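This report concerns the structure displayed below. It is intended to be read alongside the sequence and the model.

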Amino acid sequence: MPGVFTKQTVRDITGEVSGLPVLVRADLNAPLKSEEGRVVVADDARIAASVPTLRLLLEAGAKPIVCSHLGRPKDRDPELSLAPVGARLSELLGVPVKLAPGLVGPEVEAAAQGLNQGEVLLLENSRYEPGETANDPALAEQLGALADYYVNDAFGAAHRAHATTEGVTHHVNRAVAGLLLEREVATLRGIIEAPEHPLVVVLGGAKVSDKVAVIDSFLKVADAILIGGAMAFSFYTAQGHSVGNSLVEEAGVASAAKALEDAQSSGCELVLPTDLMLGREFSAATETRELDGVDVPDGWMGLDIGPATAADYAERVKRAATVFWNGPMGAFELAPFAGGTRTVAQAMADADGVTVVGGGDSAAAIAQFGLTDDVTHLSTGGGAALELVEGKELPGVEALQDV
Ligand code: ADP
Ligand code: MG
């Protein structure tokens, strides 16, 4: 099923990099937490996903110099240092990971020159540099001076044209894709370009406006789009149903109306929930009730799809040859409203078809239910995954060398 990947990859350079520095852009943007007064990694999924490319380079005798952003620091916020990430990366790789004091500059150059085979140099949070998000050419040039070879493995950042993802490619001799980037792009593009049918798309979450382009794109290729989450209430509003105190994105109502109209002339079924789980307020301790129907009474809000809808969606997911899922079916963080998301997640895990989860909160939900290893592909990039299935090109991918 994977689509064709037309960029050179790290496998194309392993024969020529022994003893040489290779600059690797990884996505090490992992959530952190405080433990006994120390900052540690709370979830190492993205760090682990970066390991195969680094291991391949180490086996080839290269000296990896790794850069990544972490969070959105204002100035050089020490809380967002990559130090705890470097410690975890070292454990996962089983080699020393040295932390450089910055992204560029004389101390970084000295650290790069002193790097030995069998070691990794991790550059400090790229967003400590204002030129990173501005894609500053001078910063990109300094970065490019660190190595002749550049590998982009940061799928989660590939939809941004930043100095470490795009600018730097103009200042190295070879710019190629890492194994994770290749797998993500091939899998997600494959869903749009050459899916096995039936292709069932499950869309939820909070905002329609984030996902209008995704709906547009899938109306052209999918067999069914199953809607859940708060997004459903923009559709009900467009249809004239009462929604009580449910979360409705007003700006999304027109988009929902248009999607309903577009669906009629498409070969794709646009499916809305037929029953709901209600609560008095957005809280785990709130009074709850099931509603057989979708007209939400005053004083209540819809916080999850109901059991009949969940069972129907689960059946459709299990019968599909390909499933793409983005956005939870309800407020899954609150135990009384996690049922719909859990039922769909379990169906994904049980399905025989290819199952792909598009990142963000859906990936968090899959992890919360312990089903991470039971889906075909769990994307490490939320925004980048959505842009790919919308049919957009990602600047961080386009900048790499064609095969
Ligand atoms: P993703 O990150 O997977 O793209 P979103 O960020 O769009 O998903 O939406 C996730 C959020 O939507 C979750 O925090 C969840 O609590 C919220 N949500 C889902 N359904 C509802 C609902 N019916 N009412 C209020 N919030 C909801
Ligand atoms: Mg989200």
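## Basis of the model

The model is predicted, so that local features need pLDDT of at least 70 and side-chain atom pairs count only at pLDDT 80 or more, while totals for chains, interfaces and linings use all residues. Residues are numbered from 1 along each chain as its sequence is written, chains are lettered from A and ligands numbered from 1 in the order of writing, and side-chain values use heavy atoms, with hydrogens and water left out.

## Ligand site

Around ligand 1 there are 20 residues, of which Lys211, Gly302, Glu333, Asp361 and Ser362 come nearest (a residue is near if one of its heavy atoms lies within 4 Å of the molecule).

Polar contacts are pairs of N or O atoms within 3.5 Å; within protein, one must be able to donate a hydrogen and the other to accept it, and residues adjacent in sequence count only if both atoms are side-chain atoms. A polar side-chain atom of Glu333 is 2.5 Å from an oxygen atom of ligand 1, and a side-chain N or O atom of Lys211 is 3.0 Å from an oxygen atom of ligand 1. Ala230 contributes a backbone N or O atom, 3.1 Å from a nitrogen atom of the ligand. On its own, ligand 1 has 580 Å² of accessible area (Shrake-Rupley method, 1.4 Å probe), and the protein covers 85% of this area.

## Helices α7 and α9

The axes of α7 (residues 212-221) and α9 (residues 250-264) come within 11 Å and cross at roughly 0°. Helix α7 is therefore roughly parallel to α9 (an angle under 35 degrees).

In α7, Val212, Ile215, Asp216 and Leu219 meet Ser255, Ala259, Asp262 and Ala263 of α9 (heavy atoms within 4.5 Å). The residues of this contact comprise five nonpolar, one polar and two charged.

## Backbone features

His197 and Pro198 are joined by a cis peptide bond, with omega about -5°. Pro198 is located in the loop between α6 (179-193) and β9 (199-203).

Glu36, although not a glycine, has a positive phi of about 50°. The loop between β2 (32-35) and β3 (38-41) contains Glu36; helices (H or I, at least four residues) and strands (E, at least two) are DSSP runs.

How values were computed:
Axes fitted to C-alpha atoms, helices over the stretch in contact; angles between N-to-C directions. Parallel < 35°, antiparallel > 145°, perpendicular 65-115°, else oblique. Nonpolar A, V, L, I, M, F, W, Y, C, P; charged D, E, K, R; others polar.
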